[in-house]
Amino acid sequence: MGSEYTPAKVWTPNSESAGTWAKINRPISGATHDKALPVGIHPLQLYSMGTPNGQKVTIMLEELLALGISEAEYDAHLIDISEGQQFSSGFVAINPNSKIPALLDRSADKPVPLFESGSILLYLAEKFECFLPEKPEQRTNVFNWLFWLQGAAPYLGGGFGHFYAYAPEKLEYPIDRFTMEVKRQLDLLDKQLAGQHFIAGDQYSIADIAIWPWYGNLVLGELYDAAEFLDVNSYKNVQRWASEIAQRPAVQRGRVVNRTWGEPWEQVRERHNGFDIDEALNQKS
């Protein structure tokens, strides 16, 4: 372990030690520059990036379109968080928290701004009456796991992912601490999936759509290059669940939207109609 850190009496930011994602972190909120957001032709306007949080919403929208719900057509505009685009005045007007994803529903007389991925999934599920059970006890169980994800994922992303993959130096204490928690979470999911097909029962729901981009990608080796380190193959039920969901056409489509890295067929910088995704996926050999 390196030299011990002694906190100052009053904290001040140190950009030199902030690491890879220094541009996305500030001690204040609000816009840094004036710039209007682009607007497409569809009722739903998504402003996002193909991170796990962004994938939740694009997978949900593609699942709705796969059911033939044309009202779920959307434009997906790239917000490059590494360049600070989430701090534009237009984006902050939709999401004052300056985090992707943000959605604007223009189908009503007065546009509805939405932020926080869990809130967006719940809104879309209720709006289109899909991927959310009607019975109160089943519905509540979906909510349990949807909100579990909202509380759990920061330990995986901002905790484990940051210190294992992005921090300027590898430090044993935070890596061990967050690895312990992530493995506890994987064990929890593995036990939850032992007796049922999906996270909240035998029905595919927004709980699966929320959890898969984080924990599905993780156990399939698509997140932080940490599969061997976390021994993800030992979580057999999570592996089964993750692999099955990965085969869903809507998941394959949604996971590539607003993505600018990976294989050419995984990159759809912006989506304005289904052909944008088709063109990319057709490049896969």
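Modeller: In this predicted model, Glu126 forms a salt bridge with Arg139, and the closest N and O atoms of the two are 3.4 Å apart. Because Glu126 belongs to helix α3 and Arg139 to helix α4, the pair ties together parts that are 13 residues apart in sequence. Side chains of opposite charge can pair in this way when their charged atoms come close. With a limit of 4 Å between a side-chain nitrogen of Lys or Arg and a carboxyl oxygen of Asp or Glu, the count of salt bridges comes to 12.

Helix α3, which spans residues 117-128, also packs against α1, at an angle of about 10° and with the two axes 9 Å apart. Angles under 35 degrees count as roughly parallel, so α1 is described as roughly parallel to α3. On the α1 side the contact is made by Asn53, Lys56, Val57, Met60, Leu61 and Leu64, while α3 contributes Ser117, Ile120, Leu121, Leu124, Ala125 and Phe128. Sorted by class, this contact of α1 with α3 has 9 nonpolar, 2 polar and 1 charged residues.

The elements that give two or more residues to the lining are α1 (52-66), α4 (136-166) and α6 (206-219). Helix α4 gives the most, with 8 residues. The lining as a whole divides into 15 nonpolar, 15 polar and 6 charged residues.

In the loop between α6 and α7 (236-246) lies Asp225, whose phi is near 50°, a positive value in a residue other than glycine. The other detail is a cis peptide bond that joins Ile100 and Pro101, with omega about 0°, and Pro101 has its place in the loop between α2 (89-94) and β3 (102-105). Both deserve mention because most residues other than glycine have a negative phi, and most peptide bonds are trans.

Conventions. Residues numbered from 1 in each chain as written. Predicted model: local features only at pLDDT ≥ 70, side-chain atom pairs only at ≥ 80, totals over all residues. Heavy atoms only, no water. Helix = DSSP H or I, 4+ residues; strand = E, 2+ residues; numbered from the N terminus. Nonpolar A, V, L, I, M, F, W, Y, C, P; charged D, E, K, R; others polar. Axes fitted to C-alpha atoms, helices over the stretch in contact; angles between N-to-C directions. Parallel < 35°, antiparallel > 145°, perpendicular 65-115°, else oblique. Contact = heavy atoms within 4.5 Å.
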